[in-house]
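Subject: Structure handover

Hello,

Please find the structure below, followed by notes on what was found in it.

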Amino acid sequence: MKENQTLYLDHNLLIGSGGVRHVYRQPHHDDKCIKIIHNPNRQRSAKREIRYLRRYECQGKPFKHLTRFHGWCSTNLGHGAIFDLICDYNGQCSQPLSKHATGQASPCLTPGEIFQHLQALYQHLLDHEIIICDPAPHNLVVQYSFQEKPKLVIIDGIGNPHFIKLADYLRSFAHQLIKKKWRYYVETNPLLAQAFTSQK
């Protein structure tokens, strides 16, 4: 793509939509997607996510469970943010954890497997002080980089939403915030109840 070239996006490239952004495949780049804000009143969270992804990359934090931000582009639908497109080994878009939790994914993780992968992600976040604000099942995808070897990747909901950002600088506050968000969005989420019940 030439610098400053406007990319044309249409419904055939649309992957999905959230409360803030539409997500499109990037033309000519199968491993990238473009997020376009459709709800300006809630764009603060999108800007926060980019700020923290840049911060974590500069700090050398591992991106095993994160998507990278690759800059901005111009499209026929407006200003777009370019991110990794998380795909499986077969080239298909990785499916959200919410589909696995409801038995709609193929292949589909069992409740016990979902619990194991969630625990691995949770420990990774704590170990590296990666702050999440919304780790709900629709913001996590199950990526099969290799057949039989899935992992969870966070595609949205990164960053510290608090005005006073002690968690950005103090490990104890980072852990406190991560645990709080995890309890609210994961451990008490009705979609994941079976996964946690399977361990009792």
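**The largest pocket**

On a 1 Å grid over the protein atoms alone, a pocket is an open set of points where a 1.4 Å probe fits, with protein on both sides within 12 Å along at least five of seven lines, and lining residues have an atom within 4 Å of a point. This is a predicted model, in which local features need pLDDT of at least 70 and side-chain atom pairs count only at pLDDT 80 or more, while totals for chains, interfaces and linings use all residues. Residues are numbered from 1 along each chain as its sequence is written, and side-chain values use heavy atoms, with hydrogens and water left out.

The space in the largest pocket comes to about 940 Å³, a volume being the space filled by probe spheres set on the points, which are joined across faces, edges and corners. Two or more lining residues come from each of β2 (14-17), β3 (21-26), β4 (29-37), α1 (43-58), β6 (78-84), β7 (95-96), α2 (97-101) and α4 (171-187). Helices (H or I, at least four residues) and strands (E, at least two) are DSSP runs, numbered from the N terminus. The element that gives the most to this lining is α1, with 4 residues. Sorted by class, the lining holds 16 nonpolar, 12 polar and 10 charged residues. Here Ala, Val, Leu, Ile, Met, Phe, Trp, Tyr, Cys and Pro count as nonpolar, Asp, Glu, Lys and Arg as charged, and the others, Gly among them, as polar.

**Nonpolar cores**

The largest nonpolar core has 41 residues, and Leu 118 and Ile 158 have the most contacts inside it. A nonpolar core is a set of buried Ala, Val, Leu, Ile, Met, Phe, Trp, Tyr and Cys residues joined through side-chain atoms within 4.5 Å. Buried means under 20% relative accessible area, exposed over 50%, and partly exposed in between (1.4 Å probe, protein chains only). At least two residues of this core are supplied by each of α1, β6, α2, α3 (111-128), β8 (140-146), β9 (149-154), α4 and α5 (193-197). Helix α3 provides the largest share, 7 residues.

Leaving out residues up to four places away in sequence, Ile 158 touches Arg 48, Glu 49, Tyr 52, Leu 53, Tyr 56, Leu 66, Ile 130, Ile 131, Ile 132 and Cys 133. Contact means heavy atoms within 4.5 Å.

**Salt bridges**

The whole structure has 5 salt bridges, each defined as a side-chain nitrogen of Lys or Arg within 4 Å of a carboxyl oxygen of Asp or Glu. One of them joins Glu 49 and Arg 21, at 2.6 Å from N to O. Because Glu 49 is in helix α1 and Arg 21 in strand β3, the pair ties together parts that are 28 residues apart in sequence. Both Glu 49 and Arg 21 are buried. Arg 21, Glu 49 and Asp 156 are linked in a salt-bridge network.

Arg 68 bridges to Glu 57, with the closest N and O atoms 2.8 Å apart. Arg 68 is in the loop between α1 and β5 (69-75) and Glu 57 is in helix α1, 11 residues apart. Arg 68 is partly exposed at 30% relative accessibility, and Glu 57 is partly exposed at 39%.

Arg 171 and Glu 129 form a further salt bridge (2.6 Å, N to O). Arg 171 belongs to helix α4 and Glu 129 to the loop between α3 and β8, so the pair ties together parts 42 residues apart in sequence. Arg 171 is partly exposed, at 41% relative accessible area, as is Glu 129, at 23%.

**Individual residues**

Arg 48 is in helix α1 and counts as buried, at 12% relative accessibility. Not counting residues up to four places away in sequence, Arg 48 touches Cys 133, Ile 158, Gly 159, Asn 160 and Pro 161.

Ser 98 is in helix α2 and is buried at 17% relative accessibility. With the same exclusion of residues up to four places away in sequence, Ser 98 touches Pro 137, His 138 and Leu 191.

Regards
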